[in-house]
Amino acid sequence: MFENIRLSFQGIFGHKLRSLLTMLGIIIGIAAIIAIVSTIKGTNEQIKENLVGSGNNLIDVKLNMGGMDISPADGYVSMEGIPIIDGDMLNAMKELDNVKDIAIYHEASSYSAAYYKDHTIDGVKFIGCDNSYLDIYNYLITSGRKFIPTDFSGRKNVCIIDSVAAKTLFEGEDPVDKTLEIMGTPFIVVGVVDQDDTFEPVINSIEEWYTYHDSDVAGYIIIPDTAWPIIFSYDQPYQVIVKADSTEGMSKAGKNVEDYLNERITKKSTGTDESTVKYKKANTMEKVKALQDLSNTTSQQLIWIASISLIVGGIGVMNIMLVSVTERTREIGLKKALGARKRAVLGQFLTEAAVLTSLGGIIGVGAGIGLAYFISKVALVPVAISIPAIIISVVFSMLIGIIFGLIPSIKAANLNPIDALRYE
């Protein structure tokens, strides 16, 4: 075997130009496949990051009716039978499969509901949260402090605002320790936050902009959930934010929490789903899967097209091997006359064909990686090199050599030694 490999390399380097031209179809085919797979894999990761959110692995489980998320604070839907999540339920949900952490919160949007002196803010979103919410969402305090346990136990009228709300309401003043009014009730600002998120989705159209940005939100005002009843009402059901243990586990974690909460709804609706209020996880991962399936379907079509060049390359290998058999007829005759078996001659030529295409496959892999990064720079698309695709490509190129080199090898093995020695 090693002797056959050595002879194969000797033959390849003895006819460098011919060997390179023979490998060209294999190189182009493998390079195209590697570039396509790497680009599509990178695009899939970008889709996942764009829709899931920069590796935070967060998924909302919200109250839903008829396929639409609803807020208990809106007051137009009966929340009878929806459980108020207590400490025991919260601890139980933290033990569910794929759940790393969990926080509960209230949510409501309002116009002209927050004032500071003569400044007001329209379209602000109010959040009433527990002590875990800010950490799960990776909020960073840029000024002041986070909530402390006594804010909750003392039911204090304190709030934290984001930088958007701070800019609108305070216009350059330091908001910390200032008092703003929320629906006529004074709240002291104890902190200003920004989300710890350097990720920016790649936006290619206005539709994608609306997908990744909540254009109706003009800022966030966050208060302790214990202070929520002061502004809105008592005994409102919570929404839930779940932090999964991995991106792949997001859908399962959200479904587990969704099922847990829905099992504890005491009022069972006898009507249609359109009139039933229940908890439902966000379908972010389903969107990711749908887009990735579309991307993968496109990549498969492109791979099949690129594979045509591999077939062309295989035909080129078969052609050059037939030429090689013709050129080395006397050599084959001499070997058989000295006692070489058909199997030995067959193995030599199959090895030569396999080495030729494998070398082309390796060069193609290098060219494909380079092409993928070139496309990334020019077209501004992400790239993720697939190790399995590299291994499969090299093995596949070797198989092409064996398959298309079989006929020339059989022809060489079946040569009559007397006729071969007389060949000129």
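Which residue lies over the face of Tyr260? Arg264 does, at 3.6 Å from the ring centre. A charge counts as over a ring if NZ of Lys or CZ of Arg is within 6 Å of the ring centre and within 35 degrees of the ring normal.

This is a predicted model, where local features need pLDDT of at least 70, side-chain atom pairs count only at pLDDT 80 or more, and totals for chains, interfaces and linings use all residues. Residues are numbered from 1 along each chain as its sequence is written, and side-chain values use heavy atoms, without hydrogens and water.

**Nonpolar cores**

The largest nonpolar core has 26 residues. Such a core is a set of buried Ala, Val, Leu, Ile, Met, Phe, Trp, Tyr and Cys residues joined through side-chain atoms within 4.5 Å. Buried means under 20% relative accessible area, exposed over 50%, partly exposed in between (1.4 Å probe, protein chains only). Ile85, Met93, Val240, Val242, Val257 and Leu261 touch the most other members. Two or more residues each come from β1, α3 (87-94), β3, β12 (239-244), α9 (250-262) and β13. Helix α9 gives the most, with five residues. Helices (H or I, at least four residues) and strands (E, at least two) are DSSP runs, numbered from the N terminus. A second, separate core of 23 residues includes Ala166, Phe187, Ile223 and Trp228.

**Aromatic pairs**

The structure holds seven aromatic pairs. Rings of Phe, Tyr and Trp (its six-membered ring) pair if their centres lie within 6.5 Å; planes under 30 degrees apart are stacked, over 60 edge-to-face, the rest tilted. Two of the pairs are tabulated here.

| Pair | Centre to centre | Plane angle | Class |
|---|---|---|---|
| Tyr105 and Tyr133 | 5.3 Å | 50° | tilted |
| Tyr133 and Tyr137 | 4.9 Å | 55° | tilted |

Tyr105 sits in strand β3 (residues 99-110) and Tyr133 in helix α4 (residues 133-136), 28 residues apart. Tyr105 and Tyr133 are buried, and Tyr137 is buried as well. Tyr105, Tyr133, Tyr137 and Tyr139 form one aromatic cluster.

**Strands β1 and β13**

Strand β1 (residues 58-65) pairs with β13 in the antiparallel sense over five bridges; pairing takes at least two DSSP bridges. Val61 stands opposite Lys281 in β13. Along β13 (residues 277-281), Val277, Tyr279 and Lys281 point to one face and are buried.

Asn57 lies in the loop between α2 (16-53) and β1. Asn57 counts as buried because its relative accessibility is 11%.
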